[in-house]
Amino acid sequence: MSTLLVKNIHTLVTMDAAQRELRNAAILVRNNVIEQVIEQDSINSELSEPPDEILDLQDKHIVLPGLVNTHHHFFQTLTRVIPAAQNCSLFQWLRVLYPIWGNLTPEAISISSQIAAAELILSGCTTASDHLYIYPNGCRLDDQIQAINSIKLRFHASRGSMSVGESLGGLPPDHLVEKEADILKDSQRLIEQYHDNYRHSMLRITLAPCSPFTVSTALMRESASLARSFSGVRLHTHLAENKADIDYSLANFGMTPCDYVESVGWLGKDVWHAHCVQLDDLAIQKFGKTGTGVAHCPCSNMRLASGMAPIRQMLNYRVPVGLGVDGSASNDGSNLLNEARTAFLMARVRELDAAAITAREVLELATIGGAEVLGRDDIGAIAPQMSADFIAIDIDRIELAGAYHDLVAALIFCQINKVDYSFINGYKVVDQGRLTTIELEPLLERHNQLAFKLFNS
Ligand code: ZN
């Protein structure tokens with residue numbers, strides 16, 4: 001058992017039930033769990049024993065819960081800014097990239113996952129979901145799981161899948177799809193081998209057929225029934241991303257995307273869908289009533305000209321909404337603080353209303369909102385019995401000059417892109433702006449060699 005006291009916090013954003021923001025505070029962590037949130041002035045009377053370790057933030061950091069990323073494709077760090085895909089919309093973009101992704105190897109999955117995770121962590125992310133849906137050349141989800149385990153990011157790994165190739169009317173080339181029986185068998189193996197449903201879990205498995213235009217109706221149904229035969233295994237896919245996605249759904253299933261997912265049992269508290277840019281009002285109401293979550297990915301949606309998701313309406317109907325940076329080839333980054341700011345700006349311009357969303361509401365989406373989308377009540381807030389996942393940002397920086405009137409709102413209004421400290425499950429993964437769990441330089445060198453090889457093979 002060991003304890004850590006983080007003291008002299010300038011401003012502590014708790015995201016607790018009372019939404020408290022404390023000036024001059026401290027946090028006591030025991031092992032991997034937050035034990036106490038303390039007002040700095042009462043620290044001596046509150047502490048029952050001297051802590052084993054102290055981090056003194058010297059009254060110049062804002063501390064908040066670690067951010068939660070609800071949608072990503074880590075492997076795409078290898079295919080950022082591919083020239084032929086720079087100016088494409090979703091389906092064209094996929095058609096350019098599928099053949100390149102067909103050259104992925106287990107090492108490429110592993111190294112790209114660490115690069116994406118490193119970029120996420122440095123931008124404040126402490127829990128991420130990734131959606132890996134392509135498994136050529138012996139690649140397995142295990143490659144990614146091991147890679148992320150070593151960087152110590154709290155992880156929701158998705159066993160993605162594609163089973164309907166071009167010859168059957170789907171989008172991916174036939175040689176990149178898998179047999180549905182193999183997908184289900186591997187999904188079950190992964191759940192049995194890795195899924196940890198206990199509180200403070202560092203690894204959970206999600207089942208995630210890639211999208212309605214890459215898998216069959218049968219696989220959607222069977223994945224749902226397999227996931228629901230285990231505790232805490234959630235379902236995830238891409239939905240209603242752009243107009244072409246809607247047209248595909250109407251032409252192939254005779255239904256809107258929302259009606260389609262309802263027909264295959266994919267509305268519910270254990271389901272979250274990425275994008276949902278093109279959901280109509282009725283669909284949003286259904287999401288709200290059923291507790292179906294949404295991963296909002298504004299950068300990717302703008303990059304691919306997919307549209308602007310109706311986040312204000314979703315929040316009005318109590319749809320659980322989290323943020324996602326989406327794949328690194330459609331963003332083309334993994335910076336979650338930047339994604340939060342973009343979500344803030346996009347909601348305002350979509351509604352043509354400067355009060356459409358507040359900075360604090362966006363911070364909620366990035367923390368407690370993402371936690372709800374991933375089905376977790378142990379992350380997203382700084383309070384007793386929560387996992388010790390929190391980040392600290394030095395307020396003595398150029399981006400915050402002149403913004404001390406409201407430092408909490410400034411996290412979203414101003415352009416903060418990097419954290420100074422990050423703790424995940426009680427472990428210090430960022431110390432004074434540097435990752436502690438991985439050496440970035442050799443990783444970047446190998447990553448860029450692999451990216452070059454992938455593109456040129
Ligand atoms: Zn995606």
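User: In which loop is the place of Q385?

Analyst: This is a predicted model, where local features need pLDDT of at least 70, side-chain atom pairs count only at pLDDT 80 or more, and totals for chains, interfaces and linings use all residues. Residues are numbered from 1 along each chain as its sequence is written, and side-chain values use heavy atoms, leaving out hydrogens and water. Helices (H or I, at least four residues) and strands (E, at least two) are DSSP runs, numbered from the N terminus. Q385 sits in the loop between α13 (359–373) and β14 (390–394).

User: What is the phi of Q385?

Analyst: Q385 is a residue other than glycine. Its phi is positive, near 75°.

User: Which strand holds H275, and is H275 buried or exposed?

Analyst: H275 also has a positive phi, about 85°, although it is not a glycine. It lies in strand β11 (residues 271–275). Buried means under 20% relative accessible area, exposed over 50%, and partly exposed in between (1.4 Å probe, protein chains only). H275 has 0% relative accessibility, so it counts as buried.

User: Which backbone oxygen does the side chain of S249 reach?

Analyst: S249 is in helix α7 (residues 243–253). Its relative accessible area is 2%, so S249 is buried. Contact means heavy atoms within 4.5 Å, and leaving aside neighbours within four places in sequence, S249 is in contact with G254, M255, T256, P257 and Y260. At 2.7 Å, its side chain reaches the backbone oxygen of M255.

User: How many residues of helix α4 are buried?

Analyst: Helix α4 spans residues 141–151 and is mostly covered. Its buried residues include L141, I145, I148 and I151. Among the elements covering them are α3 (106–122), β7 (125–132) and β8 (154–161). Of the 11 residues in α4, the buried number is eight.

User: Which residue just after α4 takes a positive phi?

Analyst: The phi in question is about 65°. The residue just after α4 with this value is K152.

User: What is the omega of the peptide bond from N331 to D332?

Analyst: D332 lies in the loop between β13 (321–323) and α12 (336–351). The bond from N331 to D332 is cis. Its omega is near -5°.

User: What is the radius of gyration of the protein?

Analyst: The radius is taken over C-alpha atoms, and the globule rule is 2.2 Å times the number of residues to the power 0.38. With 457 residues, a compact globule would come near 23 Å. The protein agrees with that, at 21 Å.

Note on methods: Polar contact = N/O pair within 3.5 Å; in protein donor to acceptor, adjacent residues only side chain to side chain.
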